[in-house]
Amino acid sequence: MTKTTGKTGVSRRTLLKSTAGLAGLAAGSGAITGFPYVMSAEPKVLRYLGTAVNEGDDISKQCLKDTGIKIEYITATTDDVTKRVMTQPNSFDVLDTEYFSLKKLVPSGNILALDAKKIKEFGNITPVFTKGETPGGKKIGNQGTAPWKVLYLEGKDSKTFSKTATEFVTLIPTVYNADTLGIRPDIIKRPISSWAELLNPEFKGKASILNIPSIGIMDAAMVVEATGKYKYADKGNMTKEEIDLTMKVMTEAKKAGQFRAFWKDFNESVNLMASGETVIQSMWSPAVTKVRSMGIACTFQPLKEGYRSWASGFCVSKGVSGAKLEWAYEFVNWFLSGYAGAYLNRQGYYSAVLSTAKAHMEPYEWAYWMEGKPAEKDIKAPDGSLLEKAGAVRDGGSYEDRMGGVACWNAVMDENDYMVRKWNEFIAA
Amino acid sequence: MDTSEDILQQASPDLVRGSGMARRTKPARLSPSFVSWLQAGPMMLVFLAFFLIPLVFVVIVSFWDYNEYQLLPAFSGRGYTDTFEGCIAQLPDLCTIGRTYVMTLKLCFLVWAITLFIGFWVAYFLAFHVKSKTWQMGLSLLCTIPFWTSNVIRMIAWIPLLGRNGLVNSGLVKTGLINQPLEWLLFSEFSVVLALVHLFTFFMVVPIFNSMVRIDKALIEAAYDAGATGFQTLVNVVIPLAKPGIVIGSIFVITIVMGDFITIGVMGGQQIAAAGKIIETRVNALQFPAAAANAVILLAITFLIITMMSRIVDIRKEL
């Protein structure tokens, strides 16, 4: 009896030892990737509210692997994200939203500014956000809600945007792009170089714009300026007279049957273009890429009047504090550390911290996406599908050329209420 | 039950009282009106919690003020005055809200008329031409099959069919009937009406069919015997007796179409005005009081239409 017990004890201890050893080995080698997650007292979960732009499955998987933070995506349209922040501020932790909505979000007091000192790469964020110029020193157009106008708050709980840099940052920048018109060169068969072409009767019944009033009207303003009819002081903040004038141009075009349809989401814009319903329309870069990957010619056409740009970033809900706030910082720091940035760059967007993203991309990828050079090898999407064959050049060229060519930013106007009423009138006309 | 107890009571009161005591352990009998309330109670509570109370809030909020980012709980008629902006100044031209309702009512009328026509004849066929009950059941179940997929899918499925390079256009061009693709097939009033009719005809079929199967076949035989033609029978016997079904189906279709903004939006290429779309645009711009005011106006107009229809037929009496 005693003998047996002793034996069992020994063998059990040996077993425990070896198991622990194995576990240690596995942890050390990084084979158990979920280790910090498993070990922490409470699981690190962040509810992430945003549009689908940044919400890749690969990003959340990599984040869990690197930091042990589990991201739960809550996906909504731009309008619905704003609505949710206003009406249910406790239904999310991290918010991913666009700078132009800050004019609504900050006065509501439902979001919490982040501390720049706790963001490791804050000093390396592209000067596009902090100074309004490209790394090469080109000045960027500041019409509309340009990010540098709303980047800082005067104090921790302040509702006033600061004109100078402070440590309280409204949104930590993540992703942005310069938008322009997408065209079907195979059907148009001639060069397109101006926004005025959007309302050219040649494309009657084959044009489209975005069905978001505040953005649609800016596209229309680009057209009005391009035709030389009027020059706006700020396309992103029109006076009532300017709104009337712009809507009149739009209404005439609509009555003449210029527009095929207005699109609201990514897939709608892809379908309109791919099916040939439209040949010229405002579009997003990855949507153009998607059409092209279907084997259909589509160009994200640079225009001489410049781009309409947008940018988004992270903040947190005012309800977030304590350990959760620390995880949020950890997550934002991870997001800027390169993997996610490279992922976004490969889709045709731009990442906020260029240096870390560059380190996560192959040199030939960087040359194609960011430097405007012909692709040395085939260019692949993050999911591995072929986007461009070797030799292709990105529409609009390099980062410097594209971001340097930005004329205005997505915006919410002071006369937003009047504009929305005019938009309804335009639809009813 | 009551009758038999009455008879028994007359015959032998003691016996009945005794047996009553024996049967019911609790002598206190629930009053019939209480039982009725109890039966209607759950539905009433649901109705109160999810319809009446929210509706009261909508009406209250419609009289509030607002700014870019919040509701201001102070009395303001701004939601209404903004909505009717220019309605007098622009006369004889229609203002935004006027034009929007003209378009909404036009779409509503077209959809109602077409669904009624199709729905009536489908129901007529099922009720009078299909003799066996099994086949009637089978065929009406067949009508429900499209409802196994979502509304959105049934609507979006039209887009590749009707598009410029869609199936219909390429078919017509190939057969030589047309030279140019027809532009008005998609993103037009036509496509909106088509999709709405496709989506909602079934809501007409069911109530009309339900009314028709309850028509006593002897009445039709009597009309035939009296020398009425098929048309006379239809007009004088079938339609009057199917009226409750027609009105109920019409209420379904009209209320849905009046408030629709998704189908009109997608099939109309977001370029066709609708009462529901105004509300959507306002809500998206976080202008809740203005949206609520528009919702109240829409509700009032729809209610008016329904009241007029129930004037024609007293549904409660007919059921």
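Where in chain B does UniProt place the feature "domain: ABC transmembrane type-1"? I looked this up before anything else. The UniProt record, an unreviewed entry, puts the feature at residues 101–309 of chain B. UniProt positions are given in the numbering used here, feature names are shortened, and annotations may be inferred rather than shown by experiment.

**Ground rules.** I noted that this is a predicted model, where local features need pLDDT of at least 70, side-chain atom pairs count only at pLDDT 80 or more, and totals for chains, interfaces and linings use all residues. Residues are numbered from 1 along each chain as its sequence is written, while chains are lettered from A and ligands numbered from 1 in the order in which they are written.

**Chain B.** I checked the span 101–309 of chain B next. It is 78% helix and 0% strand. Its end C-alpha atoms lie 19 Å apart. Chain B as a whole has 16 helices and two strands. Helices (H or I, at least four residues) and strands (E, at least two) are DSSP runs, numbered from the N terminus.

I then looked up the overall form. The radius of gyration of chain B is 27 Å, well over the 20 Å that the globule rule gives for 319 residues, so chain B is more spread out than a compact globule. The radius is taken over C-alpha atoms, and the rule is 2.2 Å times the number of residues to the power 0.38. The C-alpha trace of chain B spans about 85 × 65 × 40 Å along its principal axes.

Of the 319 residues in chain B, 30% are buried (20 or more other C-beta atoms within 10 Å of a residue's own, with C-beta atoms placed from the backbone).

**Chain A against chain B.** I turned to the contacts between the chains. Here 29 residues of chain A meet 26 residues of chain B (a contact means C-beta atoms, placed from the backbone, within 7 Å). Helix 4 (78–87), helix 5 (102–108) and helix 17 (416–428) of chain A each supply at least two residues of the chain A side. Helix 17 of chain A gives the largest share, nine residues.

**Domains of chain A.** My last entry is the domain assignment, with bounds from an automatic or database source. Domain 1 of chain A is 37–170 + 310–336, and domain 2 of chain A is 179–306 + 405–428. Their C-alpha centres lie 28 Å apart. The contact takes 14 residues from domain 1 of chain A and 15 residues from domain 2 of chain A. On the domain 1 side, helix 5 and strand 6 (143–144) of chain A give two or more residues.

Definitions and conventions:
Two residues are in contact if their C-beta atoms, placed from the backbone, lie within 7 Å. A residue is buried if 20 or more other C-beta atoms lie within 10 Å of its own, exposed if 12 or fewer, and partly exposed in between; C-beta atoms are placed from the backbone.
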